[in-house]
Amino acid sequence: MAKKRLIIKHRWALGDTVLLTGLIRDIHLAYPGEYETKVSTNFTNVWWNNPYLTDFPETEANKPLKIEVGWGDAIKWNAYARYGNRREMKHILAWYHYDFERKTGLKVPVTDPKPDLHLSADERKRRLGGRYWVVVSGGKLDLTTKHWHAHRMQEVVDKLSLLGIHCVQVGAVCSNHIHPPLQNVTNMLGKTENARDLWNLILHSEGVICGVTGPMHIAAAFDKPCVVYAGGREEPWFEAYVDNFKAFGPSARPVKVPHKFLHTIGLLDCCDKQGCWKKRTVPLDPQDLTTKSYTLCRQPVRPSSSHPVAKCQDLITSDHIVEAVMEYYDENVLPPIGKPKKIATNPDLKVEAESIFIPKVDLVEVESAKVTTTSASATSEQSLGLLREPSVTEKAQQPYQQHHPKEIANIRTAPVKRKFEFMDNEIIGGKFTAFVLCYGPHTELARKCISSLCATLPPDRLDLRVATNQVPEATIDYLKSMPITKIYRNSENRFKYPVMREMFYDVNNSINTKYLLWFDDDTWVVQPHWVDDLCMNIVNNHHYGFRMYGNLMYHDLKIYANNGNNPGSWFKQAPWHRNKDFRVKGSQHEAANGSVIDFAVGWCWALEVEAMRKADIPDARLGHNGGDITIGEQIHQAGYQIKQWNRGKKLVACPSRQQGGRRGYSEKFPWDPER
């Protein structure tokens, strides 16, 4: 009987490809003799000598099943796999197995909590003699939040040198990589362009010091110690090669050599319960200030004499790294360098699962003198030196690859001068009232939102009103510096829609324009001509009954109609309800069995003030969630329509949930029977 065939696809970075090897191994261990497997990935040399792969032709008679696997959903779900209503911590290596099972129905348990790499006998021969640690300083430019201070890595190298430990610096020499060269190291930058050369260096090393990157996974594959300056970007159970979280699953063997994973989850408000998954620490190109600004670190640290790093990385000192390295010797994981001796005072560097939601470590500043004054002599079978040349031509670093690029300036431009002809149409009345709600300790978000509004609408065209829920004084100070008509200040979080209703029906400050705008504080203007586009839409569609404009979506109440529940009754009990039926899914017709509500997503929309009052928007029963859907039905019951505007966030943008949107409090919809 012919074996079934699989082609598994994955097109991400080196570390991701290395991780995929664990899935390939475990498929064949779970189903011995049943499958022939090929892969379609980047870094094809990762698969050389792999005993589980077969090169087969794709024929109609035995057509292979093609599956693309990855871990993208881990970002959305905070590195928790979902099994119905149950959540489970899942390591990134095990996530490939989880994703494969979701897409094929084939259960493949993790057998060994590490990648599966295969070097030939010749490839295993030492490239460097002596004892050394491999270090990575810098990394890819698209993920600078993973980078640590280059000067602190130099401190680590120097302190370890005094203890008799030599370091070898590695890194790719590519246009999108930055690796500041270190002193007092063996420089192998550009000499591991064949990934297998890098494997060799790690295989024969004492251990690896790096961020969350490929060498960490390679170290795990060869059971090597690894100290990871992780910061707060990613959850520790998702990346750390430790057994604390049981994130590899019940079938996996124990981790042979646990890593020292130095994370800061729980220490900052931007990574208080989960990783932030931000990409760049500071803007490096114009897109970082516009369409990609949601990927920027919220708390960058900008030393005057060094490159910027994320604050979560700044909390990690060189002594934390040195202490973690020396623990491997003190714990007899590695043979001693001279006489084993505790050299730092911080006892709490190991990852501990103190809480399923916030695994914490304490990072305490350690006096550098307690490390630098200690010395020991190394014992080595061989003196350190290059024994074999690179297997491919080495590449030299270009000057620009040796320094972190400078942060680009956010050039302040004067408001764009326009005639605003469409605003003077009698349907609009020449001016908008804009409402913004600011929440929590996010002054930069408020600044970005409100500044973008004020830069694209002159004061004589804008009546700006801002409410705050539980914001710091820094936000209030900024708001006082802006041309705002009124600030509604709330020391507690009163939630979105009660505050919105207070603003809309303020008897002492009634709305005097024909149209109002709503902006959540994590919303910002992308295109300066957004207001021209909005006004043109309002004028051209007014006579067709459109009164609301935003990113149009729909909500089907049927998903809440289980076990005899009637979610529509919550809407029908409202005083604004006019007995109009809901829409039928798949058509624009209303019917007694209809269940669909059209609505504009709640982070940015425009609404006629007269329609707002007629429909009694927002519903007085609302709290924090479900308001945009309810407003959609209020518009419908009042006899008006919602027009699609700002499709694809091309004019006004906001982050999605997985990009950091939807902060703070959340609740079930008021028509949810499980509320």
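Helices (H or I, at least four residues) and strands (E, at least two) are DSSP runs, numbered from the N terminus. By that rule, the protein chain has 17 helices and 26 strands. This is a predicted model, in which local features need pLDDT of at least 70, side-chain atom pairs count only at pLDDT 80 or more, and totals for chains, interfaces and linings use all residues. Residues are numbered from 1 along each chain as its sequence is written, and side-chain values use heavy atoms, leaving out hydrogens and water.

Start with the whole chain. Of its 675 residues, 55% count as buried (under 20% relative accessible area, with a 1.4 Å probe and protein chains only; over 50% is exposed, and partly exposed lies in between). The chain exposes about 29,700 Å², and carbon and sulfur atoms supply 50% of that. Residues 24 or more positions apart account for 74% of them.

Now zoom in on one helix pair. Helix α5 covers residues 195-203 and helix α6 covers residues 214-221; they pack at an angle of about 60 degrees, with their axes 10 Å apart. That angle makes α5 oblique to α6. On the α5 side, L198, W199 and I202 take part; they meet P215, I218 and A219 in α6. By class, this contact has 6 nonpolar, no polar and no charged residues.

Finally, a loop residue. K256 sits in the loop between α7 (236-239) and β14 (260-263). K256 is exposed, at a relative accessible area of 66%. K256 and D112 are 144 residues apart in sequence, yet 9.4 Å apart in space, C-alpha to C-alpha.

Key: Axes fitted to C-alpha atoms, helices over the stretch in contact; angles between N-to-C directions. Parallel < 35°, antiparallel > 145°, perpendicular 65-115°, else oblique. Contact = heavy atoms within 4.5 Å. Nonpolar A, V, L, I, M, F, W, Y, C, P; charged D, E, K, R; others polar. Areas by Shrake-Rupley, 256 points an atom, 1.4 Å probe, with all protein chains shown as cover.
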